[in-house]
Amino acid sequence: MSSETITADAAGTWQLGDLTVNRVGFGAMRLTGSAAFHLGTPSDRERSISVLRRAIELGVNHIDTAAFYFSSLRSANELINRALAPYPKDLVITTKVGPVRDPSGAWQPPARPEELRGQVEENLRQLGRDHLDVVNLRLMGQDSVAEHFGALAELRDAGLIRHLGISNVTGDGLAEARSIAPVVCVQNRYGLQSRSADADDILRVCGEQGIAFVPFFAIAGEGREQGASAAVSGDDEVLTAVAGAHGATVSQIRLAWTLHQGPHVLAIPGTGNPDHLVENVAAGALRLSADEAARLDSLPS
């Protein structure tokens, strides 16, 4: 079976509340340019639109985005709207609120609780929707999540949001959020060589509680997330050996390892390259042996 014929359901499905998604989804951040946010050069608009449409053809039904994903010429939400509206009935769009960028792209202090409604409404406007499927509260150093998460819970009760998630959260923060409203997903940094004991603990807790764990930068190694390449350094012999055994790329093995961490783990690799998109989706069909998983686990984090 070639990569071109593998679809996103190859890795199985998971629930975001009452919404069923394929475990291989798509992250929209890299649609806007050659690097994240305002870095790099803006993307070709038609190419980004074609990547989104190809993702749907390959069975992707979970897209992760945010209103603050924009470059000097491109907005991820606008591209999604242009490419996919009217949206497929099974498509789940997850967005996030909390961070603030001004029109020039400069980062500002994170939103206060009373400002979150405006961010939710901006996502609704850009995406052309009357409600948001899932909204993640992206934490930016807050000691307590109660006020911010409580504000989003009120918007959920008002019908603007269907389900809530939380991003960049500690174990205590997750427990605090769950005491306010149901949490359907946690979006934290996690990858083969960007793990920690605390991150592993949250991964475990999510599995025990039936919460989706949705890592970001699962492909990129340390320091690579802002650049155009996620290529591995030449001395990572274990990775290259496992990749060679499967006839796969190193990036595909990183994704396969991520999915191997549990049935509740979702992948949201992002790309503006149609060939990389096909490879990312095909990674969902890879199955690591116990020995391969153990060898990869032994890599330094």
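User: Which residues are buried in helix 4?
Analyst: In this predicted model, His148, Phe149, Gly150, Ala151, Leu152, Ala153 and Leu155 are buried in helix 4. Buried means under 20% relative accessible area, while exposed is over 50% and partly exposed is in between (1.4 Å probe, protein chains only). Helices (H or I, at least four residues) and strands (E, at least two) are DSSP runs, numbered from the N terminus.

User: What do those buried residues pack against?
Analyst: They pack against strand 5 (92-97), helix 3 (116-127), strand 8 (132-138), strand 9 (161-167) and helix 5 (171-178). Contact here means heavy atoms within 4.5 Å.

User: How far apart are the ends of helix 4?
Analyst: Its end C-alpha atoms are 16 Å apart. The expected span is 1.5 Å times one less than the number of residues.

User: And what follows helix 4?
Analyst: Gly159 does, and its phi is positive, near 90 degrees.

User: OK, new topic. Which residues touch the most other members of the largest nonpolar core?
Analyst: Leu152, Ile166 and Val186, out of 76 residues in that core. A nonpolar core is a set of buried Ala, Val, Leu, Ile, Met, Phe, Trp, Tyr and Cys residues joined through side-chain atoms within 4.5 Å. There's also a second, separate core of 11 residues, which includes Leu16, Val92, Val184 and Ala212.

User: What does Ile166 touch?
Analyst: Leaving out residues up to four places away in sequence, its contacts include Asn136, Phe149, Leu174 and Val186.

User: Is Ile93 buried or exposed?
Analyst: Ile93 is buried, with a relative accessible area of 2%. It lies in strand 5. Among the residues that Ile93 touches beyond four places in sequence are Ile63, Tyr87, Leu127 and Val134. Ile93 and Val135 are 42 residues apart in sequence and 8.8 Å apart in space, C-alpha to C-alpha.

User: What about Arg254, buried or exposed?
Analyst: Arg254 counts as buried, at 1% relative accessibility. You'll find Arg254 in helix 8 (residues 250-260).

User: Which helix gives the most to the lining of the second largest pocket?
Analyst: Helix 3, with five residues. The pocket has a volume of about 170 Å³ and 13 lining residues, of which Ala67, Phe68, Pro99, Gln119 and Glu122 lie nearest its centre.

User: Last one: what's the mean pLDDT of the chain?
Analyst: It's 92, and 93% of the residues reach 70 or more. pLDDT is the predictor's confidence in each residue, from 0 to 100. Over residues 222-232 pLDDT stays under 50. Local features need pLDDT of at least 70 and side-chain atom pairs count only at 80 or more, while totals for chains, interfaces and linings use all residues. Residues are numbered from 1 along each chain as its sequence is written, and side-chain values use heavy atoms, with hydrogens and water left out.

How values were computed
1 Å grid on protein atoms, 1.4 Å probe; cavity = no way out; pocket = protein on both sides within 12 Å on 5 of 7 lines; lining within 4 Å. Points joined across faces, edges and corners; volume = space filled by probe spheres on them.
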